[in-house]
Amino acid sequence: MSAEIFEKVKQLIEDIETASPQTKEEVEQFRLNYLGSKNILKPLMGEIRNIPNEQKKAFGQLVNTAKQVAERKFQSLKESVESAIEDSRTDHLDLTAPGEPLELGSRHPVSITMNRIISIFQRIGFTVAEDREIEDDWHNFTAMNTPEDHPARDMQDTYYLKDSAEMLIRTHTSSVQARVMTTQQPPIRIIAPGRVYRNETISARSHCQFHQVEGLYVDEGVSFADMKQTLLYFAQEMYGAGTKIRLRPSYFPFTEPSAELDVSCFICGAKGCNVCKYTGWVEILGCGMVDPNVLENCGIDSQKYTGFAWGMGIERQAMLLYKINDIRLLFENDVRFLRQFQSAL
Ligand code: 2U9
């Protein structure tokens, strides 16, 4: 008989420990069951008179333990129910309070510069052409008269896709013009702005990713003089009405003849400064007459049509315009730097 009553109390302790009331009402019911004035532990204490004397102490301790377990459990249940209620309350929130102000962003200096270049050429009839950044070798190199053994194709300069000799991320946006020329006949008057990639060591002057705007004009009777006038217009719109230009002979696989275009230094008024290295001239782009091979590669009759093309790095123009001395600033996205640029475009 006494073993049975001991078991009953032990079972009760287990019941208390495993009880899991959820709501406020269920917790109150728990309290009434185990700790209230008519709780189920009370009659057990009365049973003590039927317990043999030598076991009375142990029985009393066991019933006390049950009481303590119930008390501890009730405290923790009470706390978790109260905090759940607190969490679900919204009356401590002032829903009419004004929100945090949204800070107005500013356009990235590369975007501002790119938009400015685009709009200058759009005003004289060029339209924007865009295409993929992941290109095949043909559109990036072969079509552009860049032979198999040309150093530009070297793994050191070009990022090829993994395990591929055919696919790459474009090294210039000329691949866009190659795609337009293979699908359209002249007249073609396009500019190709976009991101390009070259495997270069990152420094203050060069980066492995940058942006270009290239241009292409192909039609009957397009001449070197047309190119010179077009680029003079660009230089003066971009760097000021008084800007002078000069063309220096150069070499590119895709143009013949080729030239580099300098503008009179707009920073020192061509008197001599750090930017023009005391020459009075600053190089801004490369250009030339489209090589007849390039036209033929893309299915355009080079007997009938001629064209000119040019290419410029946008970061370079932005650095000149805003007097930025390190290209890396344009890729770090430090808001303290970016905040300084405002644009209507
Ligand atoms: C076609 C034919 C010819 C694009 C050209 C350059 C000269 C040039 C550089 C400027 C700075 C690249 O970003 S940079 O490093 N580009 O000097 N680009 S002519 O010639 C073309 C393009 C497309 C069909």
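Leaving aside neighbours within four places in sequence, which residues is Leu285 in contact with? They are Leu231, Phe234, Ala259, Glu260, Leu261, Trp310, Gly311 and Met312, with contact meaning heavy atoms within 4.5 Å. Heads-up: this is a predicted model, where local features need pLDDT of at least 70 and side-chain atom pairs count only at pLDDT 80 or more, while totals for chains, interfaces and linings use all residues. Residues are numbered from 1 along each chain as its sequence is written, and side-chain values use heavy atoms, leaving out hydrogens and water.

**Ligand shell**
- There are 19 residues around the ligand, and Met144, Gln212, Phe252, Gly286 and Gly311 come nearest (near is a heavy atom within 4 Å).
- By type, the shell splits into 10 nonpolar, seven polar and two charged residues, with Gly counted as polar.
- Strand 9 (306–313) is one of the elements giving the shell at least two residues, and its five are the largest share (strands are DSSP E runs of at least two residues, helices H or I runs of at least four).

**Polar contacts** (N or O pairs within 3.5 Å)
- The side chain of Gln212 puts a polar atom 2.8 Å from a ligand oxygen.
- For Gly311, a polar backbone atom sits 3.4 Å from a ligand nitrogen.
- The protein buries 88% of the 560 Å² that the ligand exposes when taken alone (Shrake-Rupley, 1.4 Å probe).

**Nonpolar core**
- The largest nonpolar core holds 43 residues, and Phe234, Leu285 and Trp310 have the most contacts inside it (buried Ala, Val, Leu, Ile, Met, Phe, Trp, Tyr and Cys joined through side-chain atoms within 4.5 Å; buried is under 20% relative accessible area).
- Helix 5 gives the most to this core, seven residues.

Definitions and conventions
Polar contact = N/O pair within 3.5 Å; in protein donor to acceptor, adjacent residues only side chain to side chain. Buried < 20%, exposed > 50% of the residue type's maximum accessible area, 1.4 Å probe, protein only.
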